[in-house]
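Student: I have not seen this structure before. Can we go through it one question at a time?

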Amino acid sequence: MPQNRTKNDQVELEERVVDITRTTKVVGGGKNLHFRCVAVVGDRNGTVGIGIGSALEVPDAIRKAIADAKKNLITVPIVKGTIPHEIQSRWTSAEILMKPAAPGAGVVASDSVRAVVELAGVHNILTKNLGSRTPLNVVRATFKGLKELESPADIAAKRDLKVREVFNGIDRGEKNV
């Protein structure tokens with residue numbers, strides 16, 4: 001399923017279809033049948049996007065979802081192959097806990113979360129789904145969490161500190177008791 005495509009030779013994005021769902025709407029003359037697709041695109045180097053497409057045919061839904069995902073790209077701060085800090089995000093009833101992991105731990109995640117974090121370029125992460133397991137809501141909760149991540153450089157700039165002081169604290173000359 002993963003495919004590589006280039007857009008104006010700028011960035012090569014890998015595409016992955018997470019979920020295809022058949023939806024129906026009951027109308028006066030019977031039932032209207034549609035297909036909804038959830039897709040993720042990313043360059044495995046800190047850029048990822050999610051998209052949703054709906055159409056009468058599956059290929060059209062996939063095409064729409066990938067086009068939507070390319071419009072919703074974000075950059076994810078990655079530190080040593082993992083996320084910079086722990087984060088818990090919620091989208092409707094889906095709640096995802098993401099924690100940084102040691103090198104070699106791999107991606108410990110469900111299929112929906114795995115698609116998003118792998119295409120973002122995260123190699124080591126621990127995740128736990130604490131709520132609903134609906135693929136669309138899980139993907140949106142994961143995307144929201146990755147969007148809320150802050151790099152150590154951003155935190156240092158906000159606090160008017162050096163990056164080293166963000167991790168080690170400020171030496172104020174106090175003794176540890």
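**Arginine 90 and the cores**

Tutor: Arginine 90 lies in strand 6, which spans residues 87–91. The model is predicted.

Student: Is arginine 90 buried, partly exposed or exposed?

Tutor: Buried means under 20% relative accessible area, and exposed means over 50%. Arginine 90 has a relative accessible area of 44%, so the residue falls in between and counts as partly exposed.

Student: Which residues is arginine 90 in contact with, leaving aside its neighbours within four places in sequence?

Tutor: Lysine 144 is 54 residues away from arginine 90 in sequence, yet their C-alpha atoms are 7.7 Å apart in space. With the neighbours within four places set aside, the contacts of arginine 90 are Glu95, Ala141 and Lys144.

Student: Which backbone oxygen does the side chain of arginine 90 reach?

Tutor: The distance is 3.2 Å. The oxygen belongs to threonine 92.

Student: Which residues have the most contacts inside the largest nonpolar core?

Tutor: This core has 27 residues. Strands 3, 4 and 7 and helices 2 and 3 each supply at least two of its residues, and helix 3 gives the most, with six. The residues with the most contacts inside the core are Val48 and Leu146.

Student: How many residues are in the second, separate core?

Tutor: Its members include Leu13, Val41, Ala55 and Ala61. The count for this second core is 11 residues.

Student: Where does pLDDT stay under 50?

Tutor: The protein chain averages a pLDDT of 90, and 89% of the residues score at least 70. The stretch under 50 has six contacts beyond four places in sequence in the model, and it covers residues 5–9.

Key. Residues numbered from 1 in each chain as written. Predicted model: local features only at pLDDT ≥ 70, side-chain atom pairs only at ≥ 80, totals over all residues. Heavy atoms only, no water. Core = buried A, V, L, I, M, F, W, Y, C linked by side-chain atoms within 4.5 Å. Buried < 20%, exposed > 50% of the residue type's maximum accessible area, 1.4 Å probe, protein only. Helix = DSSP H or I, 4+ residues; strand = E, 2+ residues; numbered from the N terminus. pLDDT = per-residue confidence, 0-100. Contact = heavy atoms within 4.5 Å. Polar contact = N/O pair within 3.5 Å; in protein donor to acceptor, adjacent residues only side chain to side chain.
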